[in-house]
Amino acid sequence: MIGWIKMSSLGVNECSEYLTQHYESANLTLQWIRKYEYAYVLNDASQKVGLVALCVQDRPVSCEALFWVIKTLDKIAYKAEISHVFEVFSSGGFDKNTDLFDVLYVARTQINKEYPHFPTQTALLPHNAFAFQKIAPLLYQGNSVCAVRATGTGKSHLIEASIAKESGNIVIVAPTRYILEALKEKFGKKKKIFFFTYKWLAEHRYEEWKAINPSMVILDEYHRAGAKTWYEGVIKLIRSQSNPIVLGTTATDVRYLNGELNMSEVLFNGNVVARFDLSTSIAYGVTPSPKYIRALYETERVKAEWSKKYSHIDNGLTSAIRTEIECWADKNKPMEILKKYVKKEGGKFIVFFDNIESLKRQKLQVIDWFKELTRESQEKSLVQSIEIHSQNTVRENNRALNRFKISSGGNSPTATLLLTVNMLNEGIHVPNIDGIIMLRKTSSPNIFFQQLGRCLSCFNGKSSQPLVFDFMNNIEKIVNQKELCHNSEYLECSNKARTGLGLRTLNPQMEVEDESISLVKHLEKFVKKYNSCSISEDIERIMRFYGAFGNVNVPNEYIDKDGCLVKTAVKRLRAAKRLGHLKDEKVKLLEEINFSWDKNEHFLRLGVRALKEFRKHHKHNKYGQFRSSEGILLSEWAKNFRRRALHQIPISIVTELEELDFDFEGNEKKDDYIEGLKIAALFYKDYKHLNIPESVKTPSGRKVKNVLTHAVRKAKDGTLDKDLLSNLSILEIPISTREIRFWEAFEALKRALVSNHDFCHQTSTILSDGRTLASAIERWQNDFKSGILPEYKVKALESINFSLVKPKVEKSKNTTVYIEEGVPAAINYMKIVGHSNFSGGVIEGFDLENWAKITRQRIADAKKNKKEPFDPELLLLLKKNGFREHKNEGEVQQLLLLVKNHIQKYSALPVKRYINADGIKLGQRWYDLKQRIKNNHTKLSGDLVEQIKKIEQLQVF
């Protein structure tokens, strides 16, 4: 028998024992095939994972002999449905010409003497053994090399084999901490290995890791190093060492969304060996072929495409299509698709989401899908969900991943779902995965294939076909679908060689179920049926509507008993009349029920009928909120009507409106505005400000505040009607907002000066725009100093004996002396106002706001340093008079004083919208204080909290 010549220095038993021990180290077993004495099936537990052959002879195996072995193994692989990548062991070596079989990915291993660079203690499956035999010689010659291997083929085993005989320090770089944790668990304790993420390298300086001086650098998922900052960190690592050996591994070396940047060219000068892409991996049976179900979970894109397709047809088809798509989506929910393809209870699925927000929003919905699946076979549905995302701590995510790994999946009636966001896209392989669900939109091939790879693993341990549910229809956006659904250029090259050798070609044969096609077919049938609908049926629908409601004002969303949108019937009939497809008797029949052939004329007729209803009860033109029996808001209709050019409106309608005394110019609105301005003038006269409550309205229901705002804005733009502008002037209402604010502040200052000779304690008054009186005074003084304050304002302020010249405040050079000198002035201030909210102004030569700021900062610093801030007796005296160490407590003191005064006056707490005579939003400030206390957003001393409680019980003390 060729290849089985018993003339070797090593016997058959010795070689067989060698192979058995070799694979036992990787928990793999050999099963001898009796029919073919030299062939063995390689098993991982109960799963067949490969085929190997043993040739025991003294001379090298020739090309003819090797071909015969490959052909035999290929037949076995077809029958047993095992991988078509083989490893052939020979005790006498191989002819050089056998390199021709590299295109078939056949690993060739000599066992009668140890290959110088082959680590016999590391057992690999045939496809990885072939890759390592190509990588090892280059690595140990000091060359940098990269391997592009399909996701799920076991790149970590290649890394383990590559570092097995490396004696120096080794650096392994990966994109995520989770990949590094998995690599540490696998072989981190065996060597002096240092683990870094690409991000860590980019963020840390060379000095922090230069002492490592690695002899080998492993770049896992090296396509991720294409990011600008990460690339700089990698280059810094490689160039700063003494020529380390660099090995790169990835599943996709091209960054498709980064100008198709090829990272193999950038980092390794194109030195790629043993490329094994996804279509080749599936075709050769290394990774399982999944069942790919593409569907549409979100249908907005389909709506847009079909609406655009039929937008030129004005018969209501586009709106009908959108409604039909929504109905289809309700009937073809993801739950129904899952029921169709998930044939057994339980299972382990990974669900990918766009972001954490979408995960939280859709989590319960996804769980419900699987509850429905398990409910059919059990009384109680069993679904376990596990979350991994960036809001969890590293420990929480690790625990969650371990829980998912040890769950039994399809062997249990419980469905286990791993819900993740950007955490398991690459590098992590979990055993016994039944499938994945894509709820993340992506157009990145890298992300797409990495997610797909979570269920494609030669170490998966699943005998069933993995399921991929693409509910975002991402496959349509992927630019290189050829790698997934068709033969890649590398597989085509391999198949060409197989054909030349008389072997059968291999194809990926991935089963793709397109559920989205059913929607397309459904829409095509719907459009055909829609366009073939008879005119008689449409007229019948309109007549039924008229009989039910007494008019033909059909709402857009109204559906009749047949499930048809009646509005589309209206549009079809109008289109038929326009095209001359309607007979005269049918036209006459529809006109008898006031059916309008023009949608614009229909709109006008609705308004005329509404105005007739209004005239039965009212003679004026103030429509307010009047709504007709057909649902027309007359004021809104009149507004839209006036925007139209009068010459474009039919004369018959204009005549009818004139007979109904319709106001074509909109004078009723002008009259209403004048009424609103009069009310605003009265309010301004009484309160000296224009912060008008929303409850104040004109007779027709308009808010006076909105009327005034509109009028002031138009006056500033120069577009206000002359009559309204003259009314603003006659009523003496300030036109500009700045003028309104000035006169409001002026009146507040005037009241302060009348009530107290020393007005500074009143400068904390809050104006209607949120400013304090102190800030308004400061602005006037600065404008006066700059010479830009208008003369009439200067005269107004001088008339109430107010000086616009800022008094000079001499601050002591010594801060302590300055603080102590200001104590009497502060005590005097607090006695007058009853609180310690020092806000602006100068009293007794001191700027109290600045003094309070310095004093409180001094007290805070002294507490930290455990020292006295200044004279303890003065500090005690300040506190006895109500001084608060924190500014917010002083503001609360002032607010409580205002609320107490309100209770004494009205015997009730201020409502939320209450504004006092000074324009202070007292109700809102009181409400905000209670909310801050409730949510623990403010810290107050015990006595203030007690005061608040008593005030809430209306106990004014």
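Guide: A residue is buried under 20% relative accessible area, exposed over 50%, and partly exposed in between, with a 1.4 Å probe and protein chains only as cover. By that rule, buried residues make up 49% of the 957 residues in the protein. The model is predicted: local features need pLDDT of at least 70 and side-chain atom pairs count only at pLDDT 80 or more, while totals for chains, interfaces and linings use all residues. Residues are numbered from 1 along each chain as its sequence is written, and side-chain values use heavy atoms, with hydrogens and water left out.

Visitor: Why does Phe469 count as buried?

Guide: Phe469 has 0% relative accessibility. The cut-off is under 20%, so the residue is buried. Phe471, at 1%, is buried by the same rule.

Visitor: What makes the rings of Phe469 and Phe471 a stacked pair?

Guide: Phe, Tyr and Trp rings (for Trp, the six-membered one) pair if their centres lie within 6.5 Å; planes under 30 degrees apart are stacked, over 60 edge-to-face, and the rest tilted. The centres of Phe469 and Phe471 are 5.9 Å apart and their planes stand at 20°, so this pair is stacked.

Visitor: Why is the pair of Tyr292 and Phe448 called tilted?

Guide: Their centres are 6.2 Å apart, which is within the limit. The planes make 50°, so the pair is tilted. Tyr292 belongs to strand S13 (residues 291-294) and Phe448 to helix H15 (residues 445-452), 156 residues apart. Both residues are buried. In total, the structure holds 13 aromatic pairs.

Visitor: What makes Arg504 a charge over the ring of Tyr78?

Guide: The rule asks for NZ of Lys or CZ of Arg within 6 Å of the ring centre and within 35 degrees of the ring normal. Arg504 lies over the face of Tyr78, at 3.6 Å from the ring centre. Lys348 has its charged end over the ring of Phe404, 5.0 Å from the centre.

Visitor: How do you know that S7 and S9 pair?

Guide: Strands (E, at least two residues) and helices (H or I, at least four) are DSSP runs, numbered from the N terminus. Two strands pair if DSSP finds at least two bridges between them. Strand S7 (residues 170-174) and strand S9 (residues 216-220) have four bridges, in the parallel sense. Ile172 has Ile218 in S9 as its bridge partner.

Visitor: Why do S6 and S8 stand at the edges of the sheet?

Guide: The open sheet has five strands in the order S6-S10-S9-S7-S8, with parallel pairing. Strand S6 (145-148) and strand S8 (193-197) each have a single partner strand, so one side of each is left without a neighbour in the sheet.

Visitor: What makes S10 mostly covered?

Guide: Six of its six residues are buried. Ile245, Leu247 and Thr249 are on one side; Val246, Gly248 and Thr250 are on the other. Four parallel bridges join S6 to S10, and five join S9 to S10. Cys146 stands opposite Gly248 in S10, and Asp220 stands opposite Thr249.
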